[in-house]
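Good morning, and thank you for coming.

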Amino acid sequence: MKEINSCETCPVHNLANLTKLGVNMDKFDFVVALAGNPNTGKSTIFNNMTGLHQHTGNWPGKTVSRAEGGFKFNGSNYKIVDLPGTYSLLSTSTDEDVARNFILFGKPDVTLVVVDATRLERNLNLVLQIMEITDRVVLVLNLMDELKRNNMEIDVRSLSRELGIPVVPAEARQKKGMDEVLKYIEDVAKGNYLCKPRKIKSISPKIDTAVNELTKDIEESFPNLPNSRWVALRLLEGDQSIIDAISSGEMAELVNEQDIRSTISE
């Protein structure tokens, strides 16, 4: 594939409108979730934005470490939460459970997904799963320099069009592409860019009917639950953690636990 929007045209080291706030997050306007497979450069992007170089604690009730920090861009304050690196959101590990629950129940204003551009096909599995949960996604194709060294190219515009979300090529270690990443975070957070993520189509009308009926039941039992349809899909697939949370009535507590605006900095 031919790369149209390459890092050769990305702004480099021109972050004049960015102020790194470190751990100063007393006041923030938007919350950004930072997700991706392990070893994709998430932490480098987190450090570029916040000026931090360390983890700040554990998730409530978990031994999984988290990093959170703040930055100001074009006058607005953002809190960014670096989620555990994971290959999936199917809740087969504690890391997956933490990442999935925050994206689903924490209701971040933007979910920034970082992928290894040299392993795009494998990384897209997580991207598609996140797009099933939230419509507010920005995709970062990191390690574009390694992609070029491997004589590979990506048609960034076509990928963005197919996925229905902003796609940004980047080289985080050199800070290439960071201006564009920040601009898309701002645009999505403020509603200036309306994402239209590609959804996985059902293979059966019977499944659609079952999902719709189950979604209505979930909405009646948990009216404040975001994305009840995704929860219904997980129930039908036999996701034990979701099944247990629904049957025990702890689903509402799970939503409250992920409320970053009141709990994550405690």
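This is a predicted model: local features need pLDDT of at least 70, side-chain atom pairs count only at pLDDT 80 or more; totals for chains, interfaces and linings use all residues.

Buried here means under 20% relative accessible area, exposed means over 50%, and partly exposed is in between, with a 1.4 Å probe and protein chains only. In a regular strand the side chains alternate between the two faces of the sheet. S7 covers residues 137-142, and six of its six residues are buried. Helices (H or I, at least four residues) and strands (E, at least two) are DSSP runs, numbered from the N terminus.

Residues are numbered from 1 along each chain as its sequence is written, and side-chain values use heavy atoms, with hydrogens and water left out.

The pLDDT is the predictor's confidence in each residue, from 0 to 100. Its average over the protein is 84, and 82% of the residues score at least 70. Over residues 1-13 the pLDDT is below 50, and this stretch has 37 contacts in the model beyond near neighbours in sequence. A contact means heavy atoms within 4.5 Å.

Which strand is joined to S7 by six bridges? The partner is strand S6 (residues 110-116), and the two run parallel. Two strands pair if DSSP finds at least two bridges between them.

**The nonpolar core**

A nonpolar core is a set of buried Ala, Val, Leu, Ile, Met, Phe, Trp, Tyr and Cys residues joined through side-chain atoms within 4.5 Å. The largest one here has 71 residues, of which Met 49, Leu 112, Leu 139 and Leu 141 touch the most other members. Helix H3 (residues 120-133) gives the most to this core, with seven residues. Leaving out residues up to four places away in sequence, the contacts of Leu 112 include Ile 45, Met 49, Val 138, Val 140, Val 181 and Ile 185.

**Two crossing helices**

Some of these names return when we turn to the helices. Two packed helices are described by the angle between their axes and the distance between the axes. The axes of helix H1 (residues 42-50) and H6 come within 12 Å and cross at roughly 80°. H1 is therefore roughly perpendicular to H6. Angles under 35 degrees count as roughly parallel, over 145 as roughly antiparallel, 65 to 115 as roughly perpendicular and the rest as oblique. The axes are lines fitted to C-alpha atoms, for helices over the stretch in contact, and angles run from 0 to 180 degrees between N-to-C directions. At the crossing, Ile 45, Asn 48 and Met 49 in H1 meet Met 178, Val 181, Leu 182 and Ile 185 in H6.

Strand S4 (residues 65-73) has seven of its nine residues buried. It pairs with strand S5 (residues 76-82) in the antiparallel sense over seven bridges, and Lys 72 has Asn 77 in S5 as its bridge partner. The two strands form a hairpin with two residues between them.

Most residues other than glycine have a negative phi, and most peptide bonds are trans. Asn 74, in the turn of this hairpin, has a positive phi of about 50°. At 25% relative accessibility, Lys 175 counts as partly exposed.

**Two buried threonines**

Thr 86 lies in the loop between S5 and helix H2 (94-105), and at 5% relative accessibility it counts as buried. Beyond its neighbours within four places in sequence, Thr 86 is in contact with Gly 36, Asn 37, Pro 38, Glu 96, Ala 99 and Leu 126. Thr 215, in helix H7 (residues 205-221), is buried as well, with a relative accessible area of 9%.
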